[in-house]
Amino acid sequence: MLDNLPRGTICIEDIEIGMMRYLRKVVTDEDIEKFAEVSTDHNPVHLDDDYARDTIFQGRIAHGMLTAGLISAVIGEQLPGHGTVYMGQSLKFLAPVRPGDMVYAEVKVTDIEFSKRRVKMDCHCAVDGKKVLIGEATVLAPSRKFD
């Protein structure tokens, strides 16, 4: 994985509207196989070349939630980072991610409720500059007062 900043924690007291973090990761066959095992989603469109070739996708694709998991990685590791708790996430899948694709996952702070420690973020994933997933996350950010 390639990150723009080190992993860790940004407390609610230090978060500002417009803050952004991202990561880039190549989705591998091994990632897809591991996700299928952990999630128990063994849909052949993800795992079987012959089956997938005859689908609308004309080849294997990564699980959508594997791609969405990269957003979770940015939130849980970078912004706000360690100690963050998910409260909600909307997702819209725009295009498939294929084995070997380099996925760029980004989150950007759009709203902060300091009194409730809530942070809203626009989220997206892209491959070759084309958005493949968009959404919005709401999280409970860590605070120096409580953690």
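This briefing describes the nonpolar core, a few backbone features and the cysteines of the structure above. The model is a predicted one, and its largest nonpolar core holds 32 residues. The count of disulfides comes to zero.

**The nonpolar core**

- Among the 32 residues of the largest nonpolar core, those that touch the most other members are Ile15, Val107, Val109, Val119 and Met121.
- Two or more residues of this core are given by each of helix 4 (64–77), strand 4 (102–113), strand 5 (118–127) and strand 6 (130–140), and the largest share, six residues, comes from helix 4.
- In soluble globular proteins, nonpolar side chains tend to be buried together.
- Leaving aside residues up to four places away in sequence, Ile15 is in contact with Ile10, Pro80, Val109, Ile112, Phe114, Val119 and Ala141.

- Gln78 and Arg21 are 57 residues apart in sequence, yet their C-alpha atoms are 6.7 Å apart in space.
- Arg21 belongs to strand 2 (residues 20–26), and Arg21 counts as buried because its relative accessibility is 14%, which is under the 20% limit.

**Positive phi angles outside glycine**

- Gln58, although not a glycine, has a positive phi of about 55°; this residue lies in the loop between helix 3 (49–53) and helix 4, and its relative accessibility of 64% is why Gln58 counts as exposed.
- Asp128 is also not a glycine and has a positive phi of about 50°; its place is the loop between strand 5 and strand 6, and Asp128 counts as exposed because its relative accessibility is 79%, where the exposed class begins over 50%.

**Cysteines without disulfides**

- A disulfide would require two cysteine sulfur atoms within 2.5 Å, and by this rule the model has zero disulfides.

Conventions. Residues numbered from 1 in each chain as written. Predicted model: local features only at pLDDT ≥ 70, side-chain atom pairs only at ≥ 80, totals over all residues. Heavy atoms only, no water. Core = buried A, V, L, I, M, F, W, Y, C linked by side-chain atoms within 4.5 Å. Buried < 20%, exposed > 50% of the residue type's maximum accessible area, 1.4 Å probe, protein only. Helix = DSSP H or I, 4+ residues; strand = E, 2+ residues; numbered from the N terminus. Contact = heavy atoms within 4.5 Å.
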